[in-house]
Amino acid sequence: MLLYGTGEFPDWGDPYSPASVHLSNDYLEKAFDQTQVPNIVTAVLADYRGFDTMFETAVIFTAGLACFLLLRDFREKEERFYRHTATGVILHVKDSQKVLLVEREFEHMDKDWVPSDLIIRTVCRIIIPFIQIYGLYVIAHGDFSPGGGFQGGVILGSSLILLAISYNLKTLMRRVKEKILGIYAAVGVLIYVGIAVICMPMGGNFLDYSKLAPLLPSDPHHVRALGMLGVEIGVGIAVTAVMVIIYVNIVSAGRHDEGL
Amino acid sequence: MTDLLALIAAKYNYWLYVILMMIGLYAMIAKNNLIKKLVGMNIFQTAIILFYVSIGYKRDATLPIIENVHGGHGSVIHAINYINPLPHVLMLTAIVVSVATFGVAMALAVRIYQRYQTLEEDELRMRLSEK
């Protein structure tokens with residue numbers, strides 16, 4: 001039935017198809033004059049449909065929160081493994097109550113630890129900073145080229161996930177604390193909402209970036225672009241944090257000690 | 001027959017999305033494993049994303065980023081030269097929602113596995129009826 005219905009649909013690539021004749025032409029022709037942002041997708045996303053994107057960010061935040069609440073498990077694991085870094089001798093501690101005085105030459109290790117990952121570690125160590133810089137570029141340059149907060153946030157988050165995959169989960173959790181991830185996820189949403197709320201005492205509507213002009217040291221034409229950049233940064237922070245939260249909670253079943 | 005082939009050739013994007021959507025729907029309804037159901041849901045969402053993006057395409061048009069913004073002020077922007085940005089925005093939203101739903105669904109699947117040691121639906125139903 002759906003296939004039969006396609007007979008009535010406009011041809012592939014028809015420039016006068018119904019979807020392309022009403023609102024989208026308005027966006028294409030006026031968006032640059034109104035917002036000074038050459039990337040129309042970003043302009044529509046962050047300005048014309050700003051409310052949608054704001055609650056979008058809230059949806060992402062809620063997803064991270066749901067993963068945390070469903071899976072997080074603060075109990076200690078029953079058995080633990082320690083490896084002597086110099087000799088490779090492995091200690092297996094079965095009783096979680098027993099407190100082991102761990103010296104510096106012992107390290108806490110995963111149960112399914114494999115020793116032969118030198119190449120992977122080295123390549124990932126070289127690549128991760130470039131991925132992160134690229135992610136920052138995609139966030140910051142979203143107004144002028146393809147990109148934006150969601151995409152850049154996913155790239156940044158995946159660089160952190162790559163760290164967890166190539167080393168182990170504990171390496172990631174040592175560098176990025178769980179509390180900090182949660183705070184970042186909230187801060188990202190708050191940046192977005194904050195920029196929107198600041199517009200109101202300045203005399204505009206909620207999310208009316210043009211009213212931010214007195215606060216920003218640039219010419220008033222670019223204020224909308226800067227406002228969009230601000231919300232994109234908020235979105236990027238929130239998405240990065242939530243990506244890592246979801247990953248970490250799922251692979252370790254909420255224990256945050258070992259996993260992929 | 002040739003009419004049908006011509007129709008498919010002209011509108012193959014819609015056929016592709018319908019086929020993908022049916023594959024996803026079938027997986028969601030018929031599969032027994034919860035992870036396979038999730039994969040089916042993702043295929044369904046991808047089909048809808050493809051549908052919207054293909055609607056936004058215009059022949060001989062470029063991507064919706066205005067060219068020469070700093071040099072050529074005053075040049076008129078013709079909408080016919082740029083593909084439709086609106087489906088792209090909507091699908092950006094849809095992709096984000098699909099990632100969020102997929103994350104929560106995976107978390108639920110992990111919880112179910114922890115509790116019942118299985119993800120097969122008939123076994124789950126058995127375990128539930130035992131109690």
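I began with confidence by element: in chain B, α1(B) has the lowest mean pLDDT (74) and α3(B) the highest (89). pLDDT is the predictor's confidence in each residue, from 0 to 100; helices (H or I, at least four residues) and strands (E, at least two) are DSSP runs, numbered from the N terminus. Chain B as a whole averages a pLDDT of 82, and 90% of the residues score at least 70. I kept one caution in mind: where pLDDT is low, the predicted coordinates should not be read in detail. For the model I noted ipTM 0.77 and pTM 0.79.

I recorded the conventions next. This is a predicted model, in which local features need pLDDT of at least 70 and side-chain atom pairs count only at pLDDT 80 or more, while totals for chains, interfaces and linings use all residues. Residues are numbered from 1 along each chain as its sequence is written, and chains are lettered from A and ligands numbered from 1 in the order in which they are written.

**Entry: the form of chain B**

I found five helices and zero strands in chain B. I then looked up the radius of gyration (taken over C-alpha atoms) and the globule rule (2.2 Å times the number of residues to the power 0.38). Chain B has a radius of gyration of 22 Å, well over the 14 Å that the rule gives for 131 residues, so it is more spread out than a compact globule. Its C-alpha trace spans about 75 × 50 × 15 Å along the principal axes.

I checked burial, where a residue is buried if 20 or more other C-beta atoms lie within 10 Å of its own, exposed if 12 or fewer, and partly exposed in between, with C-beta atoms placed from the backbone. Buried residues make up 23% of the 131 residues in chain B.

**Entry: where the chains meet**

I counted as in contact two residues whose C-beta atoms, placed from the backbone, lie within 7 Å. On this basis 42 residues of chain B are in contact with 41 residues of chain A. On the chain B side, α1 (2-10), α2 (12-30), α3 (34-56) and α4 (85-116) each supply at least two residues. The largest share, 18 residues, comes from α4(B).

I sorted the residues of this side by class: Ala, Val, Leu, Ile, Met, Phe, Trp, Tyr, Cys and Pro count as nonpolar, Asp, Glu, Lys and Arg as charged, and the others, Gly among them, as polar. The side of chain B that touches chain A divides into 30 nonpolar, eight polar and four charged residues.

**Entry: two residues of chain B**

I located Arg111(B) in helix α4 of chain B. Arg111(B) counts as partly exposed, with 14 C-beta neighbours inside 10 Å. Not counting residues up to four places away in sequence, Arg111(B) touches Leu70(A) and Leu71(A).

I placed Gln117(B) in the loop between α4 and α5 (121-130) of chain B. Its phi is near 60°, a positive value in a residue other than glycine. Most residues other than glycine have a negative phi. Gln117(B) is exposed, with 10 other C-beta atoms within 10 Å.

**Entry: helix α6 of chain A**

The 18 residues should span 26 Å, and the end C-alpha atoms are 26 Å apart, which agrees. I also noted that α6(A) is mostly covered, with 13 of its 18 residues buried.

Notes: Expected span 1.5 Å × (residues − 1).
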